[in-house]
Structure formats: C-alpha cells, structure tokens
Amino acid sequence: MTPDLHSPDLPPPPLYQALTEELREAIRDGRLAAGARLPSVREAAASRGISINTVIAAYRQLEAQGLVDARPQAGYFVRARLAVPPAPQAAAAEPSSAIAAESTVLSRIAAVLAAQTRPDTIDLSLACPKGSDFYPGEKLGRIVAELTRRHPELLTDYSLPPGSLLLRREICRHATELGMQLQPDAILLTNGCMEALQLALRATTRPGDTVGLESPTYFNLIPLLDRLGLKAIEIPTHPEGGLSLDALELLLSEKRLQAVVTMPTVHNPLGTSMSPANKRRLARLAHDYRVPVIEDALYAELQFSTPLQPTAKAFDRDGWIIVCASYTKTLAPGMRVGWMEGGRFGRELAELKFCASVAQPALLCEAIGRFLESGGYAQHMRRLRRTYAAQTERLRGLIHDAFPAGTRATRPGGGFLVWVELPEGCDTNRLFDLALRRGIGMTPGKLYSPSGRYDRHLRLSGCYPFSDRHVHALMTLGELAGGQLR
C-alpha cells in the first residue's frame with residue numbers, strides 16, 4: 001500500500017524545504033522580481049523565528065536550482081530566466097581581413113548619437129548613468145568648495161603636467177586592488193578615457209596601420225580609428241572566454257597587427273570578463289610578439305565579485321600593455337578626469353598629451369584625489385557594485401518578460417551593460433528606426449562592428465532608475481521586436 005504523502009501521521013518537511021518552496025513560488029509568480037535581493041540570512045532567521053543554518057540551507061538550495069545568485073559581501077539575488085548567447089561556431093571564430101569602417105556603420109553611429117541628444121527621447125542603451133543614485137555629487141561638491149576657499153591658487157595658477165601628485169598617488173594605491181603595481185611618476189592624467197585611448201593609438205600606430213579590435217567592440221573606437229586613418233581586423237570575442245587568443249596569436253604570428261585594443265575586464269558591450277589565465281596569456285603574447293596592447297579598463301572597478309579580478313596590465317612585466325581608465329562612470333562625468341599608464345610608451349604619450357591639451361584642471365584633479373584619499377571612494381564603490389548587480393539582473397528579467405521567445409542576453413559580471421541577441425527574423429537596425437518614432441532610443445548591433453555585423457543584436461543599459469516610463473519603454477521595444485517576427 002502506497003503511503004499517503006499528506007497523511008497527518010507523517011512528519012512535516014524540514015523547515016528549510018518549506019522556506020525554499022515559499023521563496024520559489026514568490027520568484028515564479030513575480031512577487032520577487034529578477035534582480036531583487038533576498039533578505040539577509042540574519043533578517044530572514046529573525047523574522048521567521050528559525051535558525052541561521054536553516055535559512056542558509058534554503059538559500060543554497062535555491063542557488064543550486066538556478067533561481068538565485070550568491071554575491072560575496074552582497075547577499076543573494078533573484079536570477080532572471082534568460083538564456084545567454086551561444087558560443088560562436090567554428091566558422092565564425094576566424095579573424096576577418098583588415099578593413100576600413102563601412103560608411104553605413106559610421107553614418108548609423110552618427111544617427112544614434114544625434115538621437116541621444118533629443119530631449120523627447122528616452123534612451124535605453126546610453127552608457128551614461130544619470131542621477132544622484134550613481135554619483136557622490138554632494139560630497140564632491142563640498143570638497144570642491146573647500147578647496148576653492150582654502151587654495152584659490154588651484155583656480156588662478158596654470159595647471160602643468162604631470163598634474164596632481166595626490167591623485168596620481170591615489171590612482172596607484174587603488175590600482176593594487178586590480179593587481180597592478182604602478183608608480184605615480186608613470187601616471188598620465190587625461191580628459192576622460194577616450195583621450196587616453198586616442199593618445200595610445202597615436203603613440204603606437206601610424207596612418208595605414210592595422211589594429212586588432214574585439215568583435216563586438218565599443219562603438220566609439222570605430223570612428224576614432226577612421227579619423228586616425230587606421231584599418232581594423234575584427235577578432236571574435238565571446239562572453240565566456242573573451243577575446244579569442246588563438247585568433248589573436250595567428251594574426252600576431254603573421255605580423256598583420258601593429259596594435260590591439262581590448263577590454264578584458266567588464267567588456268563593453270558584453271558586460272563580462274576574460275579569465276585571469278587568459279589575461280596572463282594576453283600579456284605574454286604582447287611580450288613575445290612585441291606588439292602593444294591597449295587595455296580599456298574603464299569598467300574594471302565595477303566588478304560585482306570581490307576581491308576584484310586583475311587587469312591584463314597586472315601581468316605586464318616589460319611595458320607592452322598601455323592601460324586606460326577614467327572616473328567618468330564611477331564618480332563625476334562632468335569632471336572628465338581619466339588616466340593612463342603607458343609602459344614603454346610613456347614619454348611619447350606625455351609629449352602627445354602636452355600637444356593635445358597640456359594638462360587636466362588642477363582643482364578637479366585635487367578634488368578627486370581628496371575623495372579617494374578619504375575612504376569615501378571605497379565606500380561609494382561597494383554600494384555602486386551592489387546597485388548595478390541588482391540593476392543588471394532586473395534588466396535581464398525585464399528583457400525576458402518584454403522580448404520575443406528565443407531572445408538571449410549576456411549575464412554581466414560587472415558594470416551595467418547587457419548584450420541582447422534577438423531571434424531569427426529580427427533586425428535591430430530597423431528596430432532602431434521604429435523605436436525612434438515612438439520616442440525610444442537604442443543602439444543596434446551594427447554599431448559594434450566595423451563591417452556592420454550583429455543584425456539581430458543590441459545593447460541595453462541598466463544605469464538608470466527603473467521608473468514606470470523606463471519600464472514602459474522597454475516593454476514597447478520588446479513589442480516592436482516581436483512585431484518583426486509577425
């Protein structure tokens with residue numbers, strides 16, 4: 001005789017199983033949305049009158065079932081039910097030929113940038129955090145006011161290179177969290193990360209040279225290479241492994257590249273990172289083939305997990321890696337303060353910087369240096385990482401709900417960008433035009449490839465508060481994408 005599983009004579013299920021089932025139902029019916037943080041272990045134990053071990057057992061079971069993610073020093077977060085893009089097929093893993101950017105790609109980039117300035121448009125892709133939730137504006141404002149009052153010479157004296165020693169020291173101190181051992185005298189302050197990337201390309205290439213670019217890549221690099229008279233070879237890049245080092249080594253062995261630009265830590269637009277072992281190999285390739293690697297580390301400090309993974313520069317022993325970064329995404333976009341360490345190209349970079357813009361504003365650099373020195377930066381970054389971890393998972397949940405079946409999206413390990421792949425039959429270039437008529441902006445996948453690949457891809461951003469208007473715009477974009485299939 002089969003026992004009655006609901007018989008009152010049987011013991012009740014363990015407490016942790018009951019809690020697991022309760023939370024699983026809350027996740028499935030949407031009461032706990034993607035990106036939501038579960039109550040802390042202590043909070044859950046206290047509110048329910050159960051032991052901490054019981055809560056831990058329940059949370060670990062939810063994690064094993066793929067319903068939540070555990071983030072060190074942050075807690076447990078609800079995971080979105082959304083597949084990640086598949087690995088590239090063998091035929092797509094080969095590097096392309098050297099090309100200049102297609103005119104259609106350049107014109108589309110110009111059109112997207114123009115749309116981003118329209119006041120009546122809500123942009124879902126712009127990688128520019130807005131609002132006090134993401135920046136310590138008031139604290140920086142107080143530091144600037146105090147410096148202006150106590151050190152008026154910061155406004156009246158010319159700022160000459162190399163610039164604020166305090167800031168350069170603090171950059172080096174914080175760089176150790178990313179595995180880099182840098183010296184203040186080697187730090188060059190720049191006008192954001194884009195000036196650093198431009199200076200790095202000018203120092204390492206000449207018009208007509210060929211640069212290795214990740215594919216997909218940060219779209220602003222494409223017009224930059226075009227203006228500098230450079231050609232590009234697209235190197236396959238995937239969320240799980242990053243830049244294809246086998247393809248890169250083939251190109252280097254054939255002497256087809258004069259420089260490489262890469263974003264191995266929190267990639268734009270993928271949002272994911274290359275493993276430390278692959279970063280070590282990347283540094284070794286730069287050394288063995290004596291080809292400079294320009295590392296864009298703009299988002300490296302926004303990794304969700306701690307301790308932070310090292311940059312590729314952390315493995316550089318002879319100066320073939322130039323690292324570029326900025327505080328525009330983490331502290332103050334209006335201050336436009338970035339930095340770079342040029343390795344063996346340091347002297348030429350300093351000369352190019354002087355010719356381009358002499359130096360950075362002393363007042364702004366000193367203010368950021370004071371904030372980094374005070375400990376406020378570390379506290380701000382811990383909160384910002386938690387915020388973006390929740391934001392990106394919430395965004396993935398909204399993508400799952402809004403976009404047609406078969407849509408895939410990367411699961412970022414840092415930052416706030418998500419790379420989305422739509423099903424066959426969708427075209428994000430046409431989707432851009434349709435959405436813009438509804439007052440919605442986005443960046444189609446063609447922008448992230450000099451040859452105009454990625455017809456079914458787009459980048460979405462989670463660096464805005466998810467207001468009703470923002471969520472409605474995402475839902476509308478998903479409906480327009482689904483309409484293409486019909």
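Asp120 and Arg118 are joined by a salt bridge (a side-chain nitrogen of Lys or Arg within 4 Å of a carboxyl oxygen of Asp or Glu), with the closest N and O atoms 3.6 Å apart. The model is predicted, local features need pLDDT of at least 70, side-chain atom pairs count only at pLDDT 80 or more, and totals for chains, interfaces and linings use all residues. Residues are numbered from 1 along each chain as its sequence is written, and side-chain values use heavy atoms, with hydrogens and water left out.

Asp120 counts as partly exposed because its relative accessibility is 49%; the classes are buried, under 20% relative accessible area, exposed, over 50%, and partly exposed, in between (1.4 Å probe, protein chains only). Arg118, at 34%, is also partly exposed. Side chains of opposite charge can pair when their charged atoms come close. The structure holds 20 salt bridges. Another of these links Arg256 to Glu254 at 3.2 Å, N to O. Arg256 is partly exposed at 31%, and Glu254 is partly exposed at 42%. Salt bridges also connect Asp246, Glu249 and Arg281 in a network.

A further salt bridge, 3.9 Å from N to O, is found between the side chains of Glu25 and Arg28. Both residues lie in helix α1 (residues 15-28), three residues apart, about one turn of the helix; helices are DSSP runs (H or I, at least four residues), numbered from the N terminus. Glu25 is partly exposed, with a relative accessible area of 34%, whereas Arg28 is exposed at 52%.

Terms used. Helix = DSSP H or I, 4+ residues; strand = E, 2+ residues; numbered from the N terminus.
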